[in-house]
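I opened this notebook to keep track of what I looked up, entry by entry.

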Amino acid sequence: MAITKWIFAGLGWAIGGPIGAILGYYLGKAISPDTQLNDGRDFTSGGSHHGPYHNTGTQQDVNAALMVLIAAVMKADGDVKKSELEYVKRFLRTNYGDERGKEMLHVLQQMVQNDIPIDQVCMQIKVNTDYNTRYHMVDFLFGLGGADGAFQTTEINMLRLIAQYLGISTSDYTSIFERHVGYNDTNYSNGSNNGSHGSTRSSYSKDPYRVLGIDSSATDDEVKKAYRKMAMKYHPDRVAGMSEELQRNAAEQMKEINEAYEVIKQRRASMK
């Protein structure tokens, strides 16, 4: 199967563990059973590896891992919408080109129809990427979830679960959530959800403090510190090595952060 020759070419850590198993399965199980990784792990061993992953990986690894998470988010509400599909097509086209992008879309559609071991996938990602990369992956996935202008409870639950498994801090999750969704979610810390928000419009007013991951009681210095911290996450130099889609998302989110900071400053100035 020709597609396997390029999808696995150059992959490091993604070829092993659950991500390699998932990709290998949906690419038609075309990997030879006797083909092994540098550390001796069989490509087809899937999630049987219990120790830490030693390969640092490449952007191709990150894209492959992100594709698995994309499938999990897309299937969360059981209804793949046209806007979400266009969002994903752009990601695939940017990272794989037109022809290969179409092939990967077919693979993705197969993954959406089946269960994905999110906990195992996220663990593999977590031990092979830095925090900044994982943060932007979650931010990108929220963009996917809201591509149709609304978030279903099942999508929120999946996104929250992915963020928790990837080790995203509560304050960072709050900021991402507020920018994309815009309502007060209090269930991230304990992982629960009362299900009262069947469909939440992403056009709801955003809390500028939550966008910066802080409380409204923060001092002026704390506000500045929070803004600078968020701005650093989205600085062009911090996302330069990431895919074009993650860079595009970072630029859009930086606009939201700047706007939130300006709103806070204006509000505080009017109270003096």
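**Entry on terms and source.** I count as a salt bridge a side-chain nitrogen of Lys or Arg that lies within 4 Å of a carboxyl oxygen of Asp or Glu. The model I am reading is predicted, so I note that local features need pLDDT of at least 70, that side-chain atom pairs count only at pLDDT 80 or more, and that totals for chains, interfaces and linings use all residues. Residues are numbered from 1 along each chain as its sequence is written, and side-chain values use heavy atoms, with hydrogens and water left out.

**Entry on the charged pairs.** Side chains of opposite charge can pair when their charged atoms come close. I looked up how many salt bridges the structure holds, and the number is seven. I followed three of them, and for their places I took helices as DSSP runs (H or I, at least four residues) and strands likewise (E, at least two), numbered from the N terminus.

One of them joins the side chains of aspartate 172 and lysine 233, with 3.2 Å from N to O. Aspartate 172 lies in helix 8 (residues 170-180) and lysine 233 in helix 10 (residues 220-233), so this pair ties together parts that are 61 residues apart in sequence. For exposure I use relative accessible area, where buried means under 20%, exposed means over 50% and partly exposed is in between (1.4 Å probe, protein chains only). Aspartate 172 counts as buried because its relative accessibility is 3%, and lysine 233 counts as buried at 10%.

I then turned to arginine 268 and aspartate 220, whose side chains meet in a salt bridge at 2.6 Å, N to O. Arginine 268 sits in helix 12 (residues 244-270) and aspartate 220 in helix 10, and the pair links distant parts of the chain, 48 residues apart. Arginine 268 is buried, with a relative accessible area of 15%, whereas aspartate 220 is partly exposed at 36%.

The salt bridge between aspartate 115 and lysine 75 spans 3.4 Å, N to O. Here aspartate 115 belongs to the loop between helix 4 and helix 5 (118-126), while lysine 75 belongs to helix 3, 40 residues apart. Aspartate 115 is exposed, with a relative accessible area of 71%, and lysine 75 is partly exposed at 25%.

**Entry on a helix crossing.** How do helix 3 and helix 4 lie to each other, and at what angle do their axes cross? I found that the axes of helix 3 (residues 59-76) and helix 4 (residues 82-112) come within 10 Å and cross at roughly 55°. The axes are lines fitted to C-alpha atoms, for helices over the stretch in contact, and angles run from 0 to 180 degrees between N-to-C directions. The two helices are therefore oblique to each other, a term left for angles that are not under 35 degrees (roughly parallel), over 145 (roughly antiparallel) or 65 to 115 (roughly perpendicular). Contact means heavy atoms within 4.5 Å, and the residues making it include Leu66, Ile70 and Lys75 of helix 3 and Phe91, Tyr96 and Met111 of helix 4.

**Entry on single residues.** Aspartate 61, placed in helix 3, is buried, with a relative accessible area of 0%. Leaving out residues up to four places away in sequence, I noted that aspartate 61 touches Leu11, Gly12, Trp13 and Ala14. Leucine 23, in helix 2 (residues 17-26), is buried as well, with a relative accessible area of 0%. I also noted that leucine 23 and methionine 111 are 88 residues apart in sequence and 8.8 Å apart in space, C-alpha to C-alpha.
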